[in-house]
Every structure is written in structure tokens, then in C-alpha cells.
Amino acid sequence: MNPVANELQLGAALRERRERAGLTQARLAEKAGVSRAFVIDLEAGKRARAELVRVLAVMRALELAIELVPADTRSTGDVLTELLGEP
């Protein structure tokens, strides 16, 4: 799984994991002890200020964990230069 850098990427990753697990949003919400509306908003990236404890509950229900990794702080220009192999 790729590192997640924002709420949209987190939502997409959680939705993908939920779907692979064969869970509906309602079933995931039940397992995590949160509302279905919370799961819907979280998957859509609309919970940028969500309580961490609730996000972690959803992640636990999906058998996921957080791993801290260094952020990629390169500029777009630096990434393009690297990809194109330019000096």
C-alpha cells in the first residue's frame, strides 16, 4: 500500500480495503462503532478534522494500522527532473 498524505488518499485507501474485505459501509460502521455517515464521509475525504479515535476504530475494523514514514518533500520540478533523467 502506498503512503497516504491527505484525507482524500486516506478515504480512497479505506474504501479500497473495505471493498476487498467484502464489507458494506453499514457493516464496517457497525464493526467500528461509528455511524454509516461517518464512514461515507471518511471515504469521501470529507472528515479532515475527524476524531483520531474514530478513524483508528475504522482502521482496526479493517485490520489496518498506521505506519509513520518520511514525507516526500520534493517539488514537482524535482520529481519531473528525476523521472526524465535530466541533470
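# A walk through the helices

Start by selecting Gln25: at 17% relative accessibility, this residue counts as buried, where buried means under 20% relative accessible area, exposed over 50%, and partly exposed in between (1.4 Å probe, protein chains only). Gln25 sits in helix H2; helices here are DSSP runs (H or I, at least four residues), as strands are (E, at least two), and they are numbered from the N terminus. Before going on, keep in mind that this is a predicted model, with residues numbered from 1 along each chain as its sequence is written. Local features need pLDDT of at least 70, side-chain atom pairs count only at pLDDT 80 or more, totals for chains, interfaces and linings use all residues, and side-chain values use heavy atoms, with hydrogens and water left out.

**Colour by confidence**

The protein averages 92, and 98% of the residues score at least 70. Among the elements, H2 has the highest mean pLDDT (98) and H5 the lowest (86). As a rule of reading, where pLDDT is low, the predicted coordinates should not be read in detail.

**Back to Gln25, then on to Glu43**

Which residues does Gln25 touch, not counting residues up to four places away in sequence? Show Arg18, Arg36, Val39, Ile40 and Glu43; contact means heavy atoms within 4.5 Å.

Now pick Glu43 from that set. Glu43 is found in helix H3 and is buried, with a relative accessible area of 4%. Leaving aside neighbours within four places in sequence, Glu43 is in contact with Gly11, Ala12, Leu14, Arg15, Arg18 and Gln25.

Zoom in on the Arg18 contact. Glu43 and Arg18 form a salt bridge, their closest N and O atoms 2.5 Å apart; the term covers a side-chain nitrogen of Lys or Arg within 4 Å of a carboxyl oxygen of Asp or Glu. Because Glu43 lies in helix H3 and Arg18 in helix H1, the pair ties together parts that are 25 residues apart in sequence. Arg18 counts as buried too, at 8% relative accessibility.

Arg20 counts as exposed at 55% relative accessibility, while Glu16 is partly exposed at 43%.

Next, select Arg74 and Glu82, which meet in a salt bridge at 2.6 Å, N to O. Arg74 is partly exposed, with a relative accessible area of 39%, and Glu82 counts as exposed at 55%. Then put Arg18, Glu19 and Glu43 on screen together: salt bridges that share partners join them into one network.

**Into the core**

Of its 16 residues, Leu14, Leu28, Val34, Val58 and Leu62 touch the most other members. Helix H2 (25-32), helix H3 (36-43) and helix H4 (52-61) are the elements that give two or more residues to this core. H4 gives the most, with five residues. In general, nonpolar side chains tend to be buried together in soluble globular proteins.

Centre on Leu14. Beyond residues up to four places away in sequence, Leu14 touches Leu42, Glu43, Val58, Met59, Leu62 and Leu64.

**Out to the surface**

Select Leu52, Ile66 and Leu68. They form a nonpolar patch on the surface, with about 370 Å² of accessible area together. Such areas come from the Shrake-Rupley method with a 1.4 Å probe, and for residues only the protein chains shown count as cover. Patches are made of residues with over 30% relative accessible area and no salt bridge, joined within 9 Å for like charges and within 5 Å for nonpolar side chains (Val, Leu, Ile, Met, Phe, Trp, Tyr). Ile66 belongs to the loop between H4 and helix H5 (76-84).

Glu63 lies in the loop between H4 and H5. Check its backbone: Glu63 has a positive phi of about 60° although it is not a glycine. Most residues other than glycine have a negative phi. Buried or exposed, how does Glu63 count? At 67% relative accessibility, Glu63 counts as exposed.

**Last stop**

Finish at Gln9 in helix H1 (residues 7-20). Gln9 is partly exposed, with a relative accessible area of 36%, and touches Pro3 and Val4, not counting residues up to four places away in sequence. Draw a distance from Gln9 to Phe38: their C-alpha atoms are separated by 16 Å, with the two residues 29 apart along the chain.

Conventions:
Core = buried A, V, L, I, M, F, W, Y, C linked by side-chain atoms within 4.5 Å. pLDDT = per-residue confidence, 0-100.
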